[in-house]
Amino acid sequence: MVPVLLAVADAMLVNGVGLGLELGVSIAAAVVLLVRRRFPLLVFLLTLPGLYIGYIWFAPMIGLYTLAASRPGRARLGVCAVLLIAAHFFPYPISDFALTDYRENTLVLIDATVTSAAPIALGLLVRTRRELASRVEDLTRSLRREDRLLADRVKTTERARLAREMHDVVAHQVSLISLQAGAVQVSTEDAAARAGARTIRELSVRTLEELRHMVGVLRADGGGAGRVQDLAPQPDLAELPRLIEMSALDVTYEGGVVAGAQGAKTVERAAFRTVQEALTNIRKHAPGARVRIRVDPLDAVREDGAGRSGESRTGHGLRVEIRNGPPDATAAAPGLPGGGHGLVGLRERAQSLGGTLEARRTSDGGFVVRAELPYGRVGTEAG
């Protein structure tokens, strides 16, 4: 708006306030500056009559500056500069032009040249500064990306170091357990002890296998989702009966879904881990308790608080419930260590799939863990 006001003031100072052709074309040249950013070339051409007839300078110079700053081009700017020089050099009416007045014509030509060159130079300078600022911003973003990549590499190196230490410490201890169990299995004559030793050895081998996979995941140097999928263990609902059998607990399993449903592997793994963690907690805190495990389809439609049927918030999926009674007072507690992070991890896993997890005590002194895991937000098998 300020350039328009300057152009209007220029028109009135040069041509006065009386109505006439000179003031009219000058005011028109000032008004068209309102759309100079959208149509810079057209606006500049419309300001030339104001320069030629009304002898104003601000409007055409502002128009030429805007054109140089927004639509640069050597040919375009050269032609526009020549047009401005011509409108400034030749008088109105053209019959007043005196070709033999060399000194006056030279001064006017120099003045016209400076008048056209100054806005072009200023416009190109402003555009160059904008491009430089944009490149500096791009460079800053690039440096930030490099910093993040460097931080990721440091994390990867640290993960590899932790993976080596995990393998050295945990795998050694578990291997010793497996060897001792194998020795007991071979040397004992008691059938119950032999079966227990066989179970311990199978659990140790399974633990070593999963540890190997997880160490591979930790040591994967920026591998993609497919690589992580190859490394990570892939338990699903089909392995639940074997997990329950090896838990050595009094478990009643009620499975209402078919394992291996299309597109549900990630959800099945989450359900498996939920049951696995719940059984571990039961062995720690409720030895001898009776356990009931249910895995059912998650209905697509459920009733709201008023009893009306409505669309489910989560859609099709799995509902997993692990419920145990009070512990047996005669059973000895194993005294296993616990960090209290198991249920937190399960809740985070359920939330990452768009589901929920509830864990609470029951009125009979037992405990219940209930998870609802939808299929709808499962994007990849590596989740």
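Which residues are linked in a network of salt bridges? E254, R292, R294, D296, E321, R323, E358, R360 and R370 are.

**Figure 1. The whole chain.** The predicted model holds 11 helices and 7 strands. Of its 383 residues, 33% count as buried. Contacts with a separation of 6 or more come to 68% from residues 24 or more positions apart.

Figure 2. R294 pairs with E254 in a salt bridge, with the closest N and O atoms 2.3 Å apart. The pair links distant parts of the chain. R294 sits in strand β2, E254 in strand β1 (residues 250-255), and 40 residues separate them. A salt bridge also joins the side chains of R294 and D296, at 2.8 Å from N to O. R294 is partly exposed, at 28% relative accessibility. E254 is partly exposed as well, at 28%. D296 has 17% relative accessibility, so this residue counts as buried. Side chains of opposite charge can pair when their charged atoms come close.

**Figure 3. Close-up of E321 and R323.** The side chains of these residues, E321 and R323, form a salt bridge of 3.5 Å, N to O. E321 is buried, because its relative accessibility is 11%, under the 20% limit. R323 is partly exposed, with a relative accessible area of 27%. Both residues belong to the network, along with R292, E358, R360 and R370 among others. In the chain, the salt bridges number 15.

**Figure 4. The largest nonpolar core.** This core has 29 residues. V275, L279, I293, I322 and L373 have the most contacts inside it. At least two core residues come from each of α9 (240-246), α10 (265-285), β2 (290-298), β5 (317-324), α11 (342-352) and β7 (367-374). Helix α10 gives the most, with 8 residues. Another core, of 12 residues, lies apart from this one; F44, L67, C80 and I120 are among its members. Nonpolar side chains tend to be buried together in soluble globular proteins.

**Figure 5. Contacts of V275.** Residues up to four places away in sequence are not counted here. V275 then touches L240, L243, I293, V320 and I322.

Figure 6. Helix α4 covers residues 58-70, 13 residues in total. From first C-alpha to last, α4 reaches 18 Å, close to the 18 Å expected at 1.5 Å a residue. Its buried residues are A59, P60, I62, G63, L64, T66, L67, A68 and A69. Y55 lies in the loop between α3 (40-54) and α4. Phi of Y55 is positive, near 60°, and the residue is not glycine. Y55 is partly exposed, with a relative accessible area of 42%.

**Figure 7. A cis peptide bond.** The bond from Y92 to P93 is cis, with omega near -5°. P93 is placed in the loop between α5 (74-89) and α6 (102-187).

**Figure 8. A nonpolar patch on the surface.** M1, L5, V31, L34, V35, F39, L42 and L46 form the patch. Together they have about 780 Å² of accessible area. L46 belongs to helix α3. At 44% relative accessibility, L46 is partly exposed.

Definitions and conventions
Residues are numbered from 1 along each chain as its sequence is written. This is a predicted model: local features need pLDDT of at least 70, side-chain atom pairs count only at pLDDT 80 or more; totals for chains, interfaces and linings use all residues. Side-chain values use heavy atoms; hydrogens and water are left out. Helices (H or I, at least four residues) and strands (E, at least two) are DSSP runs, numbered from the N terminus. Buried means under 20% relative accessible area, exposed over 50%, partly exposed in between (1.4 Å probe, protein chains only). Contact means heavy atoms within 4.5 Å. The expected span of a helix is 1.5 Å times one less than its number of residues. Patches are made of residues with over 30% relative accessible area and no salt bridge: like charges are joined within 9 Å, nonpolar side chains (Val, Leu, Ile, Met, Phe, Trp, Tyr) within 5 Å. Accessible areas come from the Shrake-Rupley method with a 1.4 Å probe; for residues, only the protein chains shown count as cover. A salt bridge is a side-chain nitrogen of Lys or Arg within 4 Å of a carboxyl oxygen of Asp or Glu. A nonpolar core is a set of buried Ala, Val, Leu, Ile, Met, Phe, Trp, Tyr and Cys residues joined through side-chain atoms within 4.5 Å.
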